[in-house]
Amino acid sequence: MMRWSQALLNTLREAPQDAEIISHKLMIRAGMLRKMGGGLYTYMPLGIRALRKVEAIVREEMEKAGAQETLFPILQPAELWKQSGRWETMGPGMFRLKDRKDAWYVLAPTAEEAFTALAKNEISSYRQLPCIIYQMQDKFRDEIRPRFGLIRGKEFLMKDAYSFDADEAGADISYRKMYDAYVRIFQRVGLQATPVEADTGDIGGNFSHEFMVFASSGEDGILNCEACGYAANQERAERVVAASPYAVEAGAFEMVATPEQHACEDVAKFLGVPQNQVVKSLVVLADQKPVMVLVPGDREVNLLKLRRVLGGAKIEEADEATVLSVAGPCGSIGPVGVELPVYADRALKEAADVIVGANKEGFHLRHVSLARDAKILAYEDLVIVAEHDACPKCGKPLAIRRGTEVGQCFKLGTKYSEAFGASYLDETGAPRIMTMGCYGIGVSRTLQAIVEQSNDENGIIWPAAVAPYQVGLLVLDPDNPDVVAKADALAEALEANGVDVFIDDRSERPGVKFKDADLIGFPIRVVAGAKGFAKGGFEVRRRTEKDSAIVPPEKMVETILSLLA
RNA sequence: CGGAGCGUAGCGCAGUCUGGUAGCGCGUUUGGUUCGGGACCAAAAGGUCAAGGGUUCAAAUCCCUUCGCUCCGACCA
């Protein structure tokens, strides 16, 4: 129970100018968050209560899934990160600092290294597997652009779990357990989160789901098929290629002058053909070696897909010298007559009568048949999937939606366990490397995502499970001893039944209290006022409803409990 | 990292072009009238005008530097 007259709580009529999205504005206006600096926020008493409730649900589901809680240092020795190689590969996104002896440390942005190093020391027998451990801890990332309050901060609360299994089959079971726990967690906190297939990114590994919350303010693109439910991150999404728009044969190719025309769009316009008639050729470095990629001129290359096709090779943009060595000094490269491996998008299979760069400044080749005139190593899915492309599962058109990632599951394989020598002895006494998985939930981000998804023009609408207080009790006549006595008695009774009550006992006019209660978003509003008591009791209203019901005092506990159930 | 914009009271802003005693609304304090969807009247507190340097008789205002914040971009022959 808390009384507003004693609470550190200031609501704002206007949102600070730097708040862009609705959830950020509301969290500030409702007095839950205050900004300390870019990407750094202070939780006010109301805000931390809501965060703790989300945390509690995450913990409960982790424990139910058999995961055990631990807590690692945030400040970690650089050696740990050098061992996995991420001291180098993490780049400037990781905070690094030195102690007085000039030894380097990092502020952990994630914790695969720390958990794997621990598992190496603590787990030595197959009898100890499987093992899932987790922690609830602040993480630090030097974001390029912190944004949207808790959505993308430099410091944020994350639940990170790591599974250790004897083999791939065991890892699959652990993955499934965590995946199922995530579904329950997001359900319980009142968030609609959709699991989508995702790329595994820098963290490594080979299989992954992201839990996305659809929101117009989302920073990620998700391709979604309404017909069959397929959903995938834009980086990962695949498509099926419908009937080829290309001719199947062509006469001999010829060189055509295209002065000053470099971009596919310009070349197509210049020659008066559709943009997809021009083939986009791109040279990149895969593990330092040049490779050419071909896609239709109206599409963009998905380098992550290329990476997968090339077995996980490190893909980099080609430097100028490499491009020169392929095509000489020119602005129109193409696959005809080059000596390097060429990969083409599936849409280009059998494509003929297309236009490609001539490897000669100011010229392109037309009437090219890729099969006849170029040496294509393989046709693979290599483009970034766009809206209206065909769903890989059912062929219906895909829609693109914005989303925010609140959780992710990865199968890590043995990437970290090998680096750290995390092995165990199997039944026969033979040493074997553990198979890992890792599972993260952005807890603070989840909190704000809930607000982003659940609000109206008057303020936040907290799901009861995570509301800072479940009941806002407005005492409209704080000078009337009878009203105050009834309100106090109700608050006591509710608290005794496990309901969190926030009493607005300020000497404010009723309108102010109504506005503030809506803004803060108590799931249930109870009004204690002389007017209501004259009609027979308290006035009870759900945040989502318009009208209140009069409920006599002796029925109140029962009524509230049933509303919360 | 590149581009743009902003920094004046706790919050939202005006004043800057054209240099001359620091302003408004909300919030806060006090008194009064009010009292069921952000009341009204009166009085008051609250500012190194982001910081440093320069020009000037005089700088929030002009010039230089630094810092902070926000937005946009990160893209291909």
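**Basis.** This is a predicted model; local features need pLDDT of at least 70, side-chain atom pairs count only at pLDDT 80 or more, and totals for chains, interfaces and linings use all residues. Residues are numbered from 1 along each chain as its sequence is written, while chains are lettered from A and ligands numbered from 1 in the order in which they are written.

**Domains.** Chain A is divided into domain 1 (18-72 + 114-235 + 400-451), domain 2 (254-380) and domain 3 (469-564). The bounds come from an automatic or database domain assignment. The centres of domain 2 and domain 3, taken over C-alpha atoms, are 69 Å apart.

**RNA surface.** There are 43 residues around RNA strand B. A residue is near a molecule or strand if its C-beta atom, placed from the backbone, lies within 6 Å of it. Gly38, Pro510, Gly511, Gly529 and Lys531 come nearest. Strand E15 (279-286), helix H14 (510-520) and helix H15 (530-535) each give two or more residues to this surface. Helices (H or I, at least four residues) and strands (E, at least two) are DSSP runs, numbered from the N terminus. H14 provides the largest share, eight residues. By type, the surface has 16 nonpolar, 12 polar and 15 charged residues. Here Ala, Val, Leu, Ile, Met, Phe, Trp, Tyr, Cys and Pro count as nonpolar, Asp, Glu, Lys and Arg as charged, and the others, Gly among them, as polar.

**The six-stranded sheet.** An open sheet of six strands runs in the order E1-E29-E28-E30-E31-E32, with mixed pairing. Its edge strands are E1 (2-3) and E32 (549-551), each pairing on one side only. Two strands pair if DSSP finds at least two bridges between them. E1 and E29 (residues 501-504) run parallel, joined by two bridges. Arg3 stands opposite Ile503 in E29. E28 and E29 also run parallel, with four bridges. There, Ile503 is the bridge partner of Leu473.

All five of the five residues of E28 are buried, so the strand is largely enclosed by the rest of the structure. A residue is buried if 20 or more other C-beta atoms lie within 10 Å of its own, exposed if 12 or fewer, and partly exposed in between, with C-beta atoms placed from the backbone. Val471, Leu473 and Val475 point one way from E28, and Gly472 and Leu474 the other.

H14, the helix with the largest share of the RNA surface, lies across E28 (471-475), E29 and E30 (524-528), at about 170° to E28. Helix H16 (residues 556-564) lies across E28, E30, E31 (538-542) and E32, at about 0° to E31. Axes are lines fitted to C-alpha atoms, for helices over the stretch in contact (C-beta atoms, placed from the backbone, within 7 Å). Angles run from 0 to 180 degrees between N-to-C directions.

**Strand E22.** E22 (residues 399-413) is mostly covered, with 11 of its 15 residues buried.

| Partner of E22 | Bridges |
|---|---|
| E11 (residues 207-214) | Eight |
| E12 (residues 220-224) | Five |
| E25 (residues 435-442) | Six |

Phe211 has Gly407 in E22 as its bridge partner. Phe410 stands opposite Cys438 in E25.

**Helix H1.** Seven of the eight residues of H1 (residues 22-29) are buried, including Lys25 and Arg29. H14 is among the elements covering them. Just after H1, Gly31 takes a positive phi of about 75°.

Conventions
Two residues are in contact if their C-beta atoms, placed from the backbone, lie within 7 Å.
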